[in-house]
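Subject: Handing over the structure, with notes on what was found

Dear colleague,

I am passing this structure on to you, and below it you will find my notes, written for someone who has not worked with it before. Please read them with the structure open beside you.

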Amino acid sequence: MTTLAVNSPAAVLQPKRSTLVLRYLRRNKSLGFGLAILLFLTLFSITGHLVADVNKLAYPLAVKPKQPPNPLCVFDSTMKIGKNCFVLGTDFYGRDLFAVMAKGLGQTARIGLLAGVLGTLVGTLLGFTSAYFGGAIDTVIRGITEVLLPIPVFLIQVLIAGAIDKKSVTVDTMALIVVMLAWMGPTRVIRSQVLSMRERMFVNVAKLSGMSNLEIIFKEIMPNLLPFLGSALVGQVFGAIFASFGLAVFGLGPLREPLIGNTVYFAQYQASFFNGWWWWPLWPSMALILIFGALTLIMVGLDEIANPRVRRSE
Amino acid sequence: MSTPILQVQDLQVTYYTDAGRAKALDNVSFTLNSGEKMGLVGESGSGKSTMALAMMRMIKPPGRIEGGKVIVDGTDLVTLSDGEMLKARLSKIAYIPQGAMNSLNPVMRIGAQMTDAIRAHDSSISNSAMTERCMQSLESVDLKREVFKMYPHELSGGMKQRVCIAIGILLKPKVIIADEPTSALDVVTQRQVMETINRIQKDLGCAVILIGHDMGLMAQSMDKVAVMYAGKLVEISTVRQMFTHPFHPYGQALIHSLPNLDNKGVLQGIPGLAPSLLRIPSGCAFHPRCSKATEKCMVVTPRLQQQPDGRFVSCLLYEEDKVTA
Amino acid sequence: MYLVRRVLFLLFVIWVTSTIIFFIPRISPRNPIRERLAELSRSTGYAPKDLEKIVQAYNQKFGLDKPLAQQYAEYMGSVLRGDLGPSLNQYPKTVWELILEALPWTIGLLISTTLISFVLGNMLGALTAWPKSPRWVKGLMAPMMMLQGVPPYLLGLLLIFFVAFRAKLLPMGGAYEIGTRVSFTAQFIFDVLRHQLLPGLALVLSSVAFWALGMRGMGITIQGEDYVNFAEHKGLGAMVIFRDYYVRNALLPQVTGLALAFGQVIVSGVLVEQLFGLPGLGGLLGKAITANDYFVIFGIAFFIIISVTVLMLLVDIVYPLLDPRIRIDSK
């Protein structure tokens, strides 16, 4: 029952943009926390690329490295590898797990971003056309999404990945496989949002004032869709990494690459726990848990922006 | 006149928001005798609904009842324990909600929503007696007995509002607060619902507080009218006094803003905006919009005082017992 | 009328899916028979000279040399008659035999974990959104948010590490102790349960979080509803309001979600079975994919899509019993 009075703009000092963002993140804890975790992982990966020769060390080695694998490591006089050389240990194939993690994080991010952006683009485009123009286009697009929705997409992804010749699977084909059947989510969300927006006053006002379809889409509807687009994008990235992990665990990933999912697969394949190499699957598992956890937190945080109703729950 | 059934004394409610403290109810006092009907009017945000919620002890954080008494039939509700307050709701004081459209649980039959209310107050009553009481209650608001077995979506808006009234009178409360009970209904249904409320009130002999904007409705069926402004009562008078000769300048402005047959087509609003409860003007809260305001009004806060003709007014114009119109 | 339309739609979904899962493995450049023979010759050290001839013979036997369209028509016909064909990799076993062997394990694990997590998750979610809950209950939300996103496979891996590998409390994998015989003795059943505990926990943990978050969202919406407010005005106790007014309404969309979530549950289940080396559908599918065993892949995928659609239909039938408003609309 309280009505908030409008502050006079002159009285309020406008703080810097960055301060505002930080202040907002402190309030929206899940978003802030999720972003912080992602930042940490990114920094880890970048550091790894900088200090170690990941393109060599992350792949099976035929011979012992002639140079220290990273700055922490110092060769003693007999050219033997010292104690600090492999901070995260090595695996059965002689790979430096630190380099594997650094390289793998980068590759995982690549799959996530590639598939995420593509899926969101396709989904948004379809959802938009479907909702904004309606009619036959809408019927077709909606029909296809509705038929595909109940199908466990992962099953089909597994089949596709299994059908492809193992040697030709790369990080990028993996992303394509994942995205092929993953645009339905954004299509549905965007479609329903545009539908509800199309009925709202401001779009009608824009129409009456003689704006063209494209103008309305980009000037009136798009800005209001942004939180949903952001949330859809993060959801797609999450889905892509999730699916690629599932495929990798089935041994369907690009096996030569140190993708994080592949590392887990190989550790399992070599029965690492039975053999006592507990650290081998542990690092990639923790990295994945951090990735998935962070993305979920970000989605929750974005939801808070998109649906203010969820905001005040305490 | 009998002894008052409802005495509200110095009731205070504050909302603690991010933007500061908002005094939603500021030392509100009034009394009501059983059988009396009082209308409560005021602009949106003036604290009408807060008053209803405070009397039901349903103010939720960040709001808090800071002090005062709500004495119903000799019991001060503010001092009751939470458990005792649950029992007092519906049996001493009942609330008929504003949005009757959504006030009934969509997945429960009407009967179940009536019996659970009785059961909460009387765990020993037999099922058949309970059903019978619900049926009677439904009939007394002109609903068929079959409604007992129906779901909310099978009823019209007016019927749902009647069901809410039927629930409100299940335990024969001493005081009924109806929060804009007719706001979402069409004019014909509005009239029928008001007639039902009037009849119920006569049958039970309880006191009724009707919250609303509709001055016409108030004039037709209320005995008294109380005017709220910025969390305070500014005038309480009989309907006749209010409509023929309001004292408080805000009351006067309200009455003048009503359309009437003499000045057809000339609608007068009240200049200015209702103040934010976060920054209530000093002195008399109405002074920035008051045509009769003096310098004193900006400094001195008027108190609600009884006038020689029995009404209560909170305005400096009347504080020195100089009754001038 | 509505149900008929729904059944037709679901049949259409089944047809589309089976067409997709029929063609994908067959347009692959891989040939399961040649791979199987190559594997055999690797393990036995005996390489037949006329390998191609044998491959040809087998292709003919299974009808794989016919044009795809003809294969499709014939196979779909036999599927309609309930025959999913033979396994290419484990011939002469049929696909049905393999599925039936694996099924009890998968059903036992998935149904029990789904039910447990649905009940537990919704309870937790409702409680965390309920304003009168104690603080520590609301505090459960933060770990839930993290857990929701973590695939059960990874949780399983961590459970294996901490519970089985480090603390040695439970076995690290397998369906029962190696060397015991499958029987219905109390001892054997106890052994099986012990082995199911970790995979079950891995599945439950993340889906509990999923249901809890969904329920919490609904719960927060419902709390603002007028009928919950009016229930308080009626003087009802917190328990009654919680049960009849709040949970009953918040639960409705969750029930609809159950059918769709089941698809995800199956996928997670398949992966977890793979991780723990359980003899369920997951293990079977893993093997079939490695060997590109067309018929088994089709059989399992077909079976999964059938169970998902049947569950969707079931929810459609049950839902009106829970929500009286639907009954009127569908008439």
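With which residue does C:Asp316 form a salt bridge, and how far apart are the closest N and O atoms? The partner is C:Arg6, and the closest N and O atoms of the two are 2.4 Å apart. Because C:Asp316 belongs to helix 13 (residues 294-322) of chain C and C:Arg6 to helix 1 (residues 2-26) of chain C, the pair ties together parts that are 310 residues apart in sequence. C:Asp316 is buried, and C:Arg6 is buried as well. Please keep in mind throughout that this is a predicted model.

Salt bridges elsewhere

Over all chains the count comes to 19 salt bridges. One of them joins A:Arg110 to A:Asp172, with 2.8 Å between the closest N and O atoms; since A:Arg110 sits in helix 4 (residues 97-133) of chain A and A:Asp172 in helix 7 (residues 171-180) of chain A, this pair ties together parts 62 residues apart in sequence. A:Arg110 is partly exposed, with a relative accessible area of 47%, and A:Asp172 is partly exposed too, with a relative accessible area of 30%.

In chain B, B:Lys224 forms a salt bridge with B:Glu36, the closest N and O atoms being separated by 3.8 Å. That pair links distant parts of the chain, for B:Lys224 is in strand 9 (residues 224-229) of chain B, while B:Glu36 is in the loop between strand 2 (20-33) and strand 3 (37-41) of chain B, 188 residues apart. B:Lys224 and B:Glu36 are both buried. Also in chain B, a network of salt bridges links B:Glu132, B:Glu139 and B:Arg145.

Where chain C meets chain B

Here 20 residues of chain C are in contact with 26 residues of chain B. The two chains bury about 2100 Å² between them, and 62% of this is on carbon and sulfur atoms. Of the area that chain C buries against chain B, 33% is supplied by C:Phe230, C:His233 and C:Lys234, more than by any other three residues.

Two salt bridges are counted between chain C and chain B, among them the one between B:Lys60 and C:Glu232, whose closest N and O atoms are 2.9 Å apart. Nine residue pairs are in polar contact between these chains. On the side of chain C that touches chain B, the elements that give two or more residues are helix 10 (226-233), helix 11 (238-276) and helix 14 (324-330) of chain C, and helix 10 gives the most, with six residues. By class, that side of chain C has eight nonpolar, five polar and seven charged residues.

Two buried residues

B:Asn105 lies in the loop between strand 6 (93-96) and helix 3 (110-121) of chain B, and because its relative accessibility is 0%, B:Asn105 counts as buried. Leaving aside neighbours within four places in sequence, B:Asn105 is in contact with B:Gln113, B:Pro152, C:Tyr227, C:Asp244, C:Tyr245 and C:Asn249.

A:Arg191, in helix 8 (residues 184-198) of chain A, counts as buried because its relative accessibility is 15%, which is under the 20% cut-off. The side chains of A:Arg191 and A:Ser130 are joined by a polar contact of 3.3 Å. With neighbours within four places in sequence left aside, the residues in contact with A:Arg191 include A:Gly127, A:Asp138 and A:Arg142.

With kind regards

Key: Residues are numbered from 1 along each chain as its sequence is written. Chains are lettered from A and ligands numbered from 1 in the order in which they are written. This is a predicted model: local features need pLDDT of at least 70, side-chain atom pairs count only at pLDDT 80 or more; totals for chains, interfaces and linings use all residues. Side-chain values use heavy atoms; hydrogens and water are left out. Contact means heavy atoms within 4.5 Å. Buried area is the accessible area (1.4 Å probe) that two parts lose on being put together, summed over both. A salt bridge is a side-chain nitrogen of Lys or Arg within 4 Å of a carboxyl oxygen of Asp or Glu. A polar contact is a pair of N or O atoms within 3.5 Å; within protein, one must be able to donate a hydrogen and the other to accept it, and residues adjacent in sequence count only if both atoms are side-chain atoms. Helices (H or I, at least four residues) and strands (E, at least two) are DSSP runs, numbered from the N terminus. Ala, Val, Leu, Ile, Met, Phe, Trp, Tyr, Cys and Pro count as nonpolar, Asp, Glu, Lys and Arg as charged, and the others, Gly among them, as polar. Buried means under 20% relative accessible area, exposed over 50%, partly exposed in between (1.4 Å probe, protein chains only).
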